[in-house]
Amino acid sequence: MAFNPLEEKGIPLEKQMRNWHQIVGEPYNKTEVDCYTRTRQILMNGIEVQAWGFKHQMNRFLADIDYNDRANISRIGRIENTQQMTANWMGPADQSVLETTLGYEQVAVDLTAWLAQNEPDKYVKETFDFGLLEDFDHLYRYAQFAYMTEGIEPDDIVQSKTDVIVGRPTQHHHNCNGLRLRKHYGKNNTSPQTKVNILTVLSGEQQTHNFYAEHGFMYGDHVLRETYAEIKDVEEEHVTMYESLIDPNETMWEKFLIHEFTEVCNYYTCYEDEVDERIKKYWEVALNMEIGHLQMAAEMFKKYEKRDPEEVIGKEIFIPCRFKSQKPYVQKILEAEANKRLAPEGEFYKSYEEIPNDWASYKVQEKVAEISAPSENAIRLVEIYHDRDIVSANEGLKRKETEILDKGLQRVAVAHNTVIPEDLERMIEKHESRKKETEKLI
Ligand SMILES: [Fe+2]
Ligand SMILES: [Fe+2]
Ligand SMILES: [Fe+2]
Ligand SMILES: [Fe+2]
């Protein structure tokens with residue numbers, strides 16, 4: 001049966017305050033938690049950070065607004081603030097920054113893959129596929145440090161649901177800002193599903209950026225610190241890319257509706273999918289709170305815009321964050337698109353063989369990697385620990401690793417410390433022969 005949140009009961013705003021005990025809750029156990037409970041928890045934190053910040057933007061930018069409405073926007077913002085705490089603080093104190101980081105990149109890979117397959121707009125879908133391969137490579141680079149620094153195998157976190165192997169190399173994700181800008185949708189002829197999908201991934205990417213900004217300095221290893229800086233800068237580009245898809249002609253009231261609707265859709269999905277009964281109960285409470293926010297946003301939209309909210313959000317919800325293993329889809333995109341690069345707005349994407357020698361991103365890439373690319377040093381260092389890079393994938397995909405690297409690697413503006421396919425081949429052979437030697441000893 002279709003779920004129309006404008007017709008559901010929800011929890012009225014005046015009943016949404018909770019005590020500290022309820023707000024803070026109890027953390028999950030990092031060794032027992034389902035990896036997709038963790039991805040839901042990480043994503044909902046990002047959604048709430050965006051929802052909270054937006055209420056403040058409304059009260060800073062909206063001039064002609066009644067006192068009571070301004071006070072209610074501020075009350076809703078306070079509730080978003082408490083919801084942010086509940087979601088983020090489900091994370092336990094003994095989950096390290098690197099472990100949480102692998103969780104963030106698993107969110108990005110599996111969320112973006114789901115969205116790409118459930119996106120009605122072809123141009124937006126292509127942007128999701130493009131971003132997907134970048135976060136896929138981040139997961140691989142961080143997995144090297146998780147092994148070297150904390151002795152963690154990637155599957156300790158991703159639980160074999162997400163492949164960890166080279167993607168489009170991170171050193172090639174640095175672009176001229178102008179090239180990151182995409183063509184925005186038209187607010188009057190775009191499906192509400194597209195609006196929800198974009199705001200969902202944008203909120204996740206923004207929070208990934210914030211997490212690296214606030215935690216990347218917490219390790220003493222200089223190469224790891226630099227890698228956090230490098231990847232954080234790519235997340236900044238992802239925020240630029242995804243936000244540029246949104247029609248800037250949307251009014252604040254329209255955006256208010258889309259924000260609350262996006263929260264409803266995400267909590268609804270979390271509630272449907274959750275396997276932890278305790279956390280599922282909370283997703284249900286949060287869903288009902290968001291229905292209350294949405295209905296209030298709808299009343300203000302009618303009052304100030306004199307339009308029907310269903311013109312913007314339709315009559316039923318969407319499923320924006322169904323977390324499940326996306327290995328076949330991601331592998332298909334990886335094998336087909338590792339060589340894609342950003343073309344100017346509206347021209348979709350090109351393979352690096354097709355881009356001109358004066359491509360604006362080359363200058364950026366040459367500058368930032370003029371000493372070295374930290375994300376390449378990750379592989380150079382792990383060779384000392386493990387003979388080869390840390391990967392988690394089936395044998396078929398593992399055998400294709402050098403081929404994928406060869407496809408993804410540019411021939412221009414490449415850092416001098418780059419691991420080229422021949423280096424990787426040599427590492428893999430060394431690893432294999434060491435394994436045989438060790439077997440003989442036993
Ligand atoms: Fe919220
Ligand atoms: Fe990422
Ligand atoms: Fe990202
Ligand atoms: Fe909300």
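The paragraphs that follow go from the core to a pair of helices and then to some loop residues.

This is a predicted model, in which local features need pLDDT of at least 70 and side-chain atom pairs count only at pLDDT 80 or more, while totals for chains, interfaces and linings use all residues. Residues are numbered from 1 along each chain as its sequence is written, and chains are lettered from A and ligands numbered from 1 in the order in which they are written.

In soluble globular proteins, nonpolar side chains tend to be buried together. A nonpolar core is here a set of buried Ala, Val, Leu, Ile, Met, Phe, Trp, Tyr and Cys residues joined through C-beta atoms within 7 Å; a residue is buried if 20 or more other C-beta atoms lie within 10 Å of its own, exposed if 12 or fewer, and partly exposed in between, with C-beta atoms placed from the backbone. The largest nonpolar core has 102 residues, of which L132, L257 and V264 touch the most other members. Leaving aside neighbours within four places in sequence, V264 is in contact (C-beta atoms, placed from the backbone, within 7 Å) with P5, L287, E290, I291, L294 and I317.

Helices are DSSP runs of H or I with at least four residues, numbered from the N terminus. Helix 2 (residues 35-61) and helix 8 (residues 192-215) have axes that come within 8 Å and cross at roughly 95°, where axes are lines fitted to C-alpha atoms over the stretch in contact and angles run from 0 to 180 degrees between N-to-C directions. Helix 2 is therefore roughly perpendicular to helix 8, a description that covers angles of 65 to 115 degrees. On the helix 2 side, L43, N45, G46, I47, V49 and Q50 meet T200, S203, G204, Q206, Q207 and N210 of helix 8.

Among the loop residues, Q326 lies between helix 12 (310-313) and helix 13 (327-337), and Q326 counts as buried because it has 23 C-beta neighbours inside 10 Å. Not counting residues up to four places away in sequence, Q326 touches D110, A113 and W114.

Most residues other than glycine have a negative phi. S160, however, has a positive phi near 60°; S160 sits in the loop between helix 6 (155-158) and helix 7 (177-180) and is partly exposed, with 14 other C-beta atoms within 10 Å. K306, in the loop between helix 11 (277-305) and helix 12, has a positive phi near 55°, and K306 counts as exposed because it has 7 C-beta neighbours inside 10 Å.

Terms used. Two residues are in contact if their C-beta atoms, placed from the backbone, lie within 7 Å. Helices (H or I, at least four residues) and strands (E, at least two) are DSSP runs, numbered from the N terminus. Angles under 35 degrees count as roughly parallel, over 145 as roughly antiparallel, 65 to 115 as roughly perpendicular and the rest as oblique.
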